[in-house]
Amino acid sequence: MFDAFVQIVRKDLLGAFRQQSDILNPIWFFVIVVTLFPLGIGTDPALLARIAPGIIWVAALLAALLSFERLFKDDYIDGSLEQMMLAPHSLTWLVCAKVFTHWLLTGLPILFVSPLLAVFLSLEENTFWALFLTLLIGTPILSLLGAIGVALTIGLRKGGVLLSLIMLPLSIPILIFSTMAIDAASFGQPYLGLLALLGAMLVGAITLAPFAIAASLRVSVS
Amino acid sequence: MLECKNLTCVREERVLFNNLNFALSPGEILHVEGPNGIGKTSLFRLLVGLSSPYSGDIYWQQQNIMSDRESYYQNMLYLGHKSGVKPELTALENLQFFHRLYNPSVELDLWDILTLVGLVGYENIPTAQLSAGQQRRVALARMWFSDCPLWILDEPFTAIDKSGVKVIENLLIKHAHKGGMIILTTHQDLSLPTDLYKKLTLQKPAIGEQYV
């Protein structure tokens with residue numbers, strides 16, 4: 001069973017490294033969107049530090065949205081998705097492997113570039129760590145929620161817009177709690193409670209979303 | 001043994017076939033025939049559980065296939081129109097994946113399989129750059145190391161050359177002799193021994209029953 005998980009992760013990573021533009025484009029998009037803000041609204045450090053959490057989180061959301069197409073779409077087109085649904089393992093479990101790989105390829109790189117963006121937006125160290133932790137907990141939730149949306153819209157020819165309409169409202173709670181935590185940190189207040197709420201959302205998403213994804217795939221592919 | 005009872009398939013309110021009954025026992029090859037659009041692929045998607053029938057049930061060893069998918073899928077190999085082969089991976093990597101995920105208990109050397117399907121020398125090229133026939137061969141290679149008794153093959157011979165078709169026919173006969181079951185569609189004439197070979201011709205429903 002664990003071998004099946006490893007095989008899926010391995011295959012997806014291998015495929016992604018053969019098509020590197022797929023991994024790099026969302027990251028570039030993320031970095032560019034964030035750098036546009038200082039250009040657009042001026043370079044006053046106090047102003048930038050004030051709006052930085054919102055900017056980074058909205059950019060991360062949009063970058064995630066950009067990358068969801070890859071999650072099941074290619075597999076749907078070349079038939080690997082059908083074959084995955086016919087594998088002698090629980091589809092829910094295999095779907096976990098897919099989402100985990102998606103997070104490795106999109107969520108993790110965002111964490112890696114976040115120190116750079118903290119410098120761009122003149123964040124203090126304490127605020128940066130809050131940002132880092134919210135991204136660490138929040139991006140897997142985005143991957144899980146997005147996967148439900150992708151699974152629901154996969155059979156549609158122009159599912160992209162519908163996907164954003166499903167996905168963005170669902171991610172509002174994550175956005176609210178993350179930016180609240182970062183704001184609290186920037187005022188020097190404790191933010192552990194807000195992180196714990198995000199953590200609870202992550203636990204809920206990890207336990208429930210894979211079942212929803214598997215069920216949506218069964219409906220969409222039939 | 002695979003059994004279909006009173007199977008009815010409806011697509012966009014049109015009845016493709018209704019009250020289809022058949023059973024397949026070990027050692028039999030069933031050739032599903034009929035013109036384009038009659039519902040062969042739809043029937044196959046019902047048989048593998050990718051879509052659910054409008055009415056009727058499918059049983060594998062007396063168990064409804066929907067009730068215990070995982071044990072059914074341990075015994076079933078489906079090759080559809082879409083090959084399931086990843087274009088950016090090489091033939092060898094694709095086969096490794098299929099082997100480890102679907103038939104991990106089978107001991108084998110994948111190089112032997114590559115030799116059998118005539119892909120030695122192409123193993124390091126991404127499958128996207130292979131010809132259509134070669135890509136098809138990568139998908140069909142799974143039949144050589146599958147330990148599943150039931151094979152469901154939707155147009156397996158598309159893009160395969162004549163000598164390749166011969167090789168696959170022999171493989172099908174060998175599988176049937178070992179007690180395997182095969183359901184396939186093809187528009188080619190097959191030279192399979194008649195004692196193993198049954199035909200099922202799908203027909204349009206009677207005039208009054210074409211719509212639900």
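View 1. Asn103(B) touches Phe98(B), Phe145(B), Ser146(B), Asp147(B) and Cys148(B), leaving aside residues up to four places away in sequence. The model shown here and in the other views is predicted. Asn103(B) sits in the loop that links helix H3 (91-102) to helix H4 (110-116) of chain B. Is Asn103(B) buried or exposed? Its relative accessibility is 3%. Buried means under 20%, so Asn103(B) counts as buried.

**View 2. An open four-stranded sheet in chain B.** The strand order is E2-E1-E4-E5 (chain B). Pairing in this sheet is antiparallel. Which strands form the edges? They are strand E2 (14-24) and strand E5 (63-64) of chain B. Each of these two pairs on one side only.

**View 3. The E1-E2 pairing in chain B.** Strand E1 (residues 2-11) of chain B pairs with E2(B). Seven bridges join the two, in the antiparallel sense. One residue pair can be picked out: Val10(B) has Val15(B), in E2(B), as its bridge partner.

**View 4. Helices H1 and H5 of chain A, seen by their axes.** Two packed helices are described by the angle between their axes and the distance between the axes. Helix H1 (residues 2-18) and helix H5 (residues 91-120) of chain A have axes that come within 9 Å. The axes cross at roughly 35°. The crossing of H1(A) and H5(A) is right-handed.

**View 5. Side by side: the residues where H1(A) meets H5(A).** Which residues of H1(A) take part? From H1(A) come Phe2(A), Ala4(A), Phe5(A), Ile8(A), Val9(A), Asp12(A), Leu13(A) and Ala16(A). They meet Trp93(A), Leu94(A), Cys96(A), Ala97(A), Lys98(A), Phe100(A), Thr101(A), Leu104(A) and Leu105(A) in H5(A).

**View 6. Chain A as a whole.** Chain A has nine helices and zero strands. Its elements run α-α-α-α-α-α-α-α-α from the N terminus on. Along the principal axes, the C-alpha atoms of chain A fill a box of roughly 55 × 35 × 30 Å. Buried residues account for 54% of the 222 residues in chain A. Of the contacts in chain A between residues at least 6 apart in sequence, 81% join residues at least 24 apart. The accessible surface of chain A is about 9700 Å², with 75% belonging to carbon and sulfur atoms.

**View 7. Chain B as a whole.** Seven helices and nine strands make up the elements of chain B. Chain B has a radius of gyration of 18 Å, close to the 17 Å from the globule rule for 212 residues, so it is as compact as a globular protein of that length. The C-alpha atoms of chain B fill a box of roughly 55 × 35 × 30 Å along the principal axes. In chain B, 54% of the 212 residues are buried. Contacts in chain B with a separation of 6 or more include 68% between residues 24 or more positions apart. Chain B exposes about 9600 Å², and carbon and sulfur atoms supply 48% of that area.

Note on methods. Residues are numbered from 1 along each chain as its sequence is written. Chains are lettered from A and ligands numbered from 1 in the order in which they are written. This is a predicted model: local features need pLDDT of at least 70, side-chain atom pairs count only at pLDDT 80 or more; totals for chains, interfaces and linings use all residues. Side-chain values use heavy atoms; hydrogens and water are left out. Two strands pair if DSSP finds at least two bridges between them. Buried means under 20% relative accessible area, exposed over 50%, partly exposed in between (1.4 Å probe, protein chains only). Contact means heavy atoms within 4.5 Å. Accessible areas come from the Shrake-Rupley method with a 1.4 Å probe; for residues, only the protein chains shown count as cover. Axes are lines fitted to C-alpha atoms, for helices over the stretch in contact, and angles run from 0 to 180 degrees between N-to-C directions. A crossing is left-handed if the near helix is turned anticlockwise from the far one by less than a right angle, and right-handed if clockwise. The radius of gyration is taken over C-alpha atoms; the globule rule is 2.2 Å times the number of residues to the power 0.38.
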